[in-house]
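Here is a set of questions and answers on one protein model. Look at the structure first, then work through them in order.

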Amino acid sequence: MKSPLLPISLPSTSSSSAATTTMLLRREIEEQQKQQSKPFSISSSSSSSSFEDDKEKKPFSFRASSYNQKRRRKGVVGNDESNSLLTRQRSLAEDVGHAASETYLITRLGFQLLQYLGLGYRWIIRFFALGCYAVLLAPGFLQVGYCYYTSSQIKRSIVYGDQPRNRLDLYLPLDSDGPKAVVAFVTGGAWIIGYKAWGTVLGLQLAEKDIIVACIDYRNFPQATIGDMVNDASQGISFVCNKIAEYGGDPNRIYVMGQSAGAHIAACALTEKAIKECGERESSSWSISQIKAYFGLSGGYNLSNLVDHFHGRGLYRSIFLSIMEGDQSLRRFSPEVIVQDPGFKSAVALLPPFVLFHGTADYSIPSDSSKNFVDVLQRVGAQAELVLYEGKTHTDLFVQDSLRGGTDELVKDVVSFIHAGDEAALAKAAVPSTRRRLVPECMILLARKISPF
C-alpha cells in the first residue's frame with residue numbers, strides 16, 4: 001500500500017535571531033550617533049560670536065570653530081564607519097539566519113524522506129556509496145563551498161517567487177563591459193536532493209567565459225511534486241527574463257539549461273509554456289520566444305521508459321510515481337511524449353533549438369534517453385542536436401571533470417554554442433582556464449568507481 005503524501009508545513013524563511021541581532025545593532029549605532037551629535041550643538045553656540053566681539057576673544061573663537069569642524073568631520077567619518085559596520089553585520093546576520101532556516105528545512109525534509117523511503121536494501125547500499133563518494137571528493141567540495149560563501153562574483157539567494165526555496169544564485173563575470181549572455185540553470189538531484197549550490201563550479205566556469213549564470217532552486221520531494229517543481233522552474237526563468245538586465249545580462253540572449261532531473265524539469269517547463277502560448281491570448285510574465293536555446297545534460301525525457309530502470313537502481317516505483325503525481329501523469333510530464341501529440345503540432349514552431357549532452361557510460365539515465373528525444377524532435381520538425389561523450393558517466397560531465405581544473409569538454413561545447421558567430425567572444429573564451437585542480441586524480445578515479453549515480 002502506498003504511503004500518502006502529506007502536506008508539509010514549512011518554517012518561515014526569515015530568522016528571528018537574525019532580526020534580533022539587526023535590531024540590537026541598530027540601537028547601538030543610534031546611541032553612538034546621539035553621543036557624537038552632542039558636540040555639534042556646543043560648537044554651533046561657540047562659533048556664533050559676532051564679528052564685532054572683542055579682539056581678544058577672536059583667537060579663542062577661531063580655535064573653537066576649527067576644533068568643532070574637526071569634531072564634525074570626525075563625527076561624519078564615525079557615522080559612515082558605523083553605518084558600514086551595521087550594513088556588513090546586518091548582511092551577515094541575514095545570511096546566517098537564512099542558512100539556519102534552510103538547514104532546518106532540509107534536515108526535517110530529509111528525516112521525512114527517510115521515513116517515507118523505509119529501509120530497502122538497494123537504497124541503503126546507494127546511500128552508503130553516496131557517503132563514500134562525498135568523502136573522497138570532500139577536498140574539492142570544501143573548497144567549492146568556501147568559494148560559494150565568500151566569492152564576490154556570486155549573488156546568493158535572490159528571491160524570485162513567494163514559495164519556499166524560490167531563490168536563485170547569480171554568477172557574474174568579472175568583466176562588466178556590455179550586456180552578457182545568460183544561462184538559467186536548473187540543477188539535478190533525482191527530484192529529491194536538488195539544490196542551487198550544486199551549480200557552483202559550472203556557474204564560475206561560465207562566468208569566467210563572460211556568461212552570467214542563474215542557478216534556480218526549486219522545491220523537492222516530499223516538499224512538493226513534479227508539477228510544483230515545473231512551476232518553480234518556470235517562475236525562475238520568468239525572473240531571469242524580466243530582471244536580468246538589472247544585473248548586466250542581455251535579455252535577448254537567454255539560454256535555459258538543466259542537468260539530470262533538472263534537465264527533465266526545464267524541458268517540461270519549456271514544452272508546457274509552448275502549449276500555453278498556443279492557446280492563450282493573455283499576456284504572461286515571460287515568453288518562450290525569449291529563450292535562444294535549451295541545453296539538456298544527462299536528462300530523461302520519457303518517464304514511462306524509465307520507471308523500471310529507476311526502480312532497479314533504488315528509486316522505487318512507488319516513490320517515483322508519488323513524485324510524478326501518479327501513473328496517469330507520466331505522459332503529461334514526459335516531453336518526448338508531449339511533442340508527438342497531434343495537439344502539440346502548432347506549438348513545435350515555438351520551441352527553441354534543443355541541444356542535448358550525454359555520456360555514453362551513463363547508467364543512471366542511459367544515453368538512449370537523449371538519443372530518442374532528439375530523434376523525435378527532429379521528426380516533428382523541431383531543431384535538435386545531440387552531443388555524446390564517449391565513456392563518460394552521469395557524474396563525470398558535471399562533477400568529476402569540473403574538479404580536475406582547467407576547462408572541461410562540456411563547458412567548452414556550451415560556450416561555443418552560446419558565442420557562435422561572435423569571433424571576439426570566441427577568441428576571448430578560447431584563452432585557457434586558470435582554474436587549478438581541486439582533487440587528486442587517484443581520488444577522483446576511486447570516487448568514480450563507487451559513485452551511486
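Q: Which residue lies over the face of Y148?
A: This is a predicted model, in which local features need pLDDT of at least 70, side-chain atom pairs count only at pLDDT 80 or more, and totals for chains, interfaces and linings use all residues. Residues are numbered from 1 along each chain as its sequence is written, and side-chain values use heavy atoms, with hydrogens and water left out. A charge sits over a ring if NZ of Lys or CZ of Arg is within 6 Å of the ring centre and within 35 degrees of the ring normal. At 5.9 Å from the ring centre of Y148, the residue is R156.

Q: In which strand does S157 lie?
A: Most residues other than glycine have a negative phi. S157 has a positive phi, near 55°. Strands (E, at least two residues) and helices (H or I, at least four) are DSSP runs, numbered from the N terminus. S157 lies in strand β1.

Q: How is L174 classed, buried or exposed?
A: L174 is found in the loop between β2 (167-171) and β3 (180-186). L174 and D210 are 36 residues apart in sequence and 7.9 Å apart in space, C-alpha to C-alpha. With a relative accessibility of 71%, L174 counts as exposed.

Q: What is the omega of the peptide bond that joins F221 and P222?
A: Most peptide bonds are trans. P222 is found in the loop between β4 (211-216) and α6. The bond between F221 and P222 is cis, with an omega of about 10°.

Q: How far apart are the end C-alpha atoms of helix α6?
A: The expected span of a helix is 1.5 Å times one less than its number of residues. Helix α6 (residues 226-243) has 18 residues, so it should span 26 Å. Of these 18 residues, 13 are buried.

Q: Which strands hold Y255 and F295?
A: Rings of Phe, Tyr and Trp (its six-membered ring) pair if their centres lie within 6.5 Å; planes under 30 degrees apart count as stacked, over 60 as edge-to-face and the rest as tilted. Y255 and F295 form a stacked pair, 5.7 Å centre to centre with 10° between the planes. Both residues, Y255 and F295, are buried. The pair ties together parts that are 40 residues apart in sequence, because Y255 lies in β5 and F295 in β6.

Q: Which residues do ring pairs link into a cluster?
A: F295 also forms a tilted pair with F357, 6.1 Å centre to centre and 55° between the planes. This pair links distant parts of the chain, with F295 in strand β6 and F357 in strand β7, 62 residues apart. F357 is buried, as its relative accessible area is 0%. Ring pairs link a cluster of Y255, F295, F357, Y389 and F417.

How values were computed: Buried < 20%, exposed > 50% of the residue type's maximum accessible area, 1.4 Å probe, protein only.
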